[in-house]
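Subject: Structure for you to look at

Dear colleague,

I am handing over the structure we spoke about, and below it you will find notes on what turned up when I went through it. Please keep it open beside the text as you read.

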Amino acid sequence: MSAAQMEPTTTTDRHIFMTRSHIVSMLNANAGSSSVAAAVPLPSGSERHELLDHPAMVSAARSCVFVKEVARSMGFPARTISTAQLLIHRTYIYRSTPPVASSDLATACLFVAAKMEETIKRLRDVLAHSYINSLTLNGGTPIDVQSVPAAVTDKMRPTVLAGEQYIMDAIGFDFRTTHAHLLYVKLAKLAGVPKANIAVDGWTILSDSYFTTLPVQFPSLVTAAGALCLAWNLCCGSPRTAGNTQVFQAFGSGKGIEESANRRGTTSNGLDSKQNGGGGGGVVAPSGQQRPRGRDRRRRPMSLDLTSEWWLEFGVATEDIQSFVRQIADFYLLFFNSTVASAEYIERHKSGLPSKEMSQKIGQWRMKLSSAIGGT
């Protein structure tokens with residue numbers, strides 16, 4: 001199947017939540033149509049790591065790290081950072097070989113995200129901070145923003161503006177997005193979790209998920225609920241006392257990642273339907289049957305009991321929670337297990353991808369879980 005056949009042709013079709021295998025198929029199809037990308041050999045890793053190890057996704061992760069550093073130095077909020085990272089992944093999925101450098105593409109994505117989230121900054125300021133960050137990465141001495149010569153930003157401007165046009169064309173001018181961080185805060189408040197551990201851990205997990213394609217695979221409510229669920233399980237003394245056996249079973253079989261069809265085309269949001277830009281549509285059930293629309297419009301619960309399948313109250317399928325938790329845990333385990341991590345992973349870890357402390361927590365939790373349920 002050619003890249004043209006696999007790529008959606010309308011704006012509506014582009015805004016879908018893809019399965020992991022479909023993303024890999026699109027990346028390989030795009031690579032097959034490019035002599036440059038085809039020349040890059042794909043690693044012979046396990047199925048779980050195939051997507052993370054893909055050359056296009058390695059470049060996307062590098063751009064995500066870069067854009068986060070630039071955004072932090074400029075004081076952008078979390079929603080702008082996550083939107084910029086989401087734009088990076090969507091661009092690389094549809095156009096895996098951008099004509100500009102990864103740092104320039106990241107800068108362009110940040111500039112577009114700032115407009116989308118109405119946290120607009122002057123292009124010169126964005127370019128200046130991008131230049132300083134690039135200078136630091138290359139071993140140069142950091143300088144003050146005001147000291148960046150106008151000639152430098154003027155030289156960067158045409159490339160970044162061309163990157164902006166490339167991004168908008170790649171995503172089909174579809175600027176719809178939801179804010180997983182805002183949903184996470186609402187869920188954490190409903191659950192009454194303490195900020196000192198569970199809330200902070202979940203926030204870290206949610207932020208790190210934007211280094212991967214998970215926000216492209218799942219609606220924002222799934223990523224927020226999955227991050228809270230995993231963070232709560234990390235704080236339990238023993239996996240058997242956690243209660244969420246449905247999540248644990250996702251690790252017990254040792255088989256490949258189970259992917260549910262119910263997230264594709266989903267725009268459900270049980271907390272705030274206005275964020276979807278199109279209202280609350282029905283949620284597709286795992287069986288393929290559409291659930292009644294009334295389920296999404298019912299009153300939200302006043303509190304959450306984390307020992308139950310609380311995500312069902314918002315129309316989120318257990319299969320999606322399982323898949324999200326397993327994939328994000330596998331992502332962390334790459335940087336925790338020294339027998340798996342290669343020199344390339346260690347190098348990525350040094351650049352801030354992902355949180356080192358969270359990698360250790362996930363690794364220790366995974367070993368306890370394997371001992372408790374006899375998993376792989």
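The expected span of a helix is taken as 1.5 Å times one less than its number of residues. Please bear in mind that this is a predicted model. Helix H8, which runs over residues 123-137 and has 15 residues, reaches 21 Å from its first C-alpha to its last, close to the 21 Å expected. Helix H16, at residues 318-333, has 16 residues and reaches 22 Å between its first and last C-alpha, close to the 22 Å expected for it.

As for burial, 15 of the 16 residues of H16 are buried, so that this helix is mostly covered. In H8 the buried residues include Leu-123, Val-126, His-129 and Ile-132, and what covers the buried residues of H8 includes helix H5 (55-74), helix H7 (102-116) and helix H9 (150-170).

His-89 lies in helix H6, residues 78-94, and counts as buried because its relative accessibility is 1%. Leaving aside residues up to four places away in sequence, His-89 touches Met-57, Ala-60, Cys-64, Tyr-210, Phe-211, Thr-212, Thr-213 and Val-216.

Cys-64, one of those contacts of His-89, is itself buried, at 0% relative accessibility.

With best wishes

Technical notes:
Residues are numbered from 1 along each chain as its sequence is written. This is a predicted model: local features need pLDDT of at least 70, side-chain atom pairs count only at pLDDT 80 or more; totals for chains, interfaces and linings use all residues. Side-chain values use heavy atoms; hydrogens and water are left out. Helices (H or I, at least four residues) and strands (E, at least two) are DSSP runs, numbered from the N terminus. Buried means under 20% relative accessible area, exposed over 50%, partly exposed in between (1.4 Å probe, protein chains only). Contact means heavy atoms within 4.5 Å.
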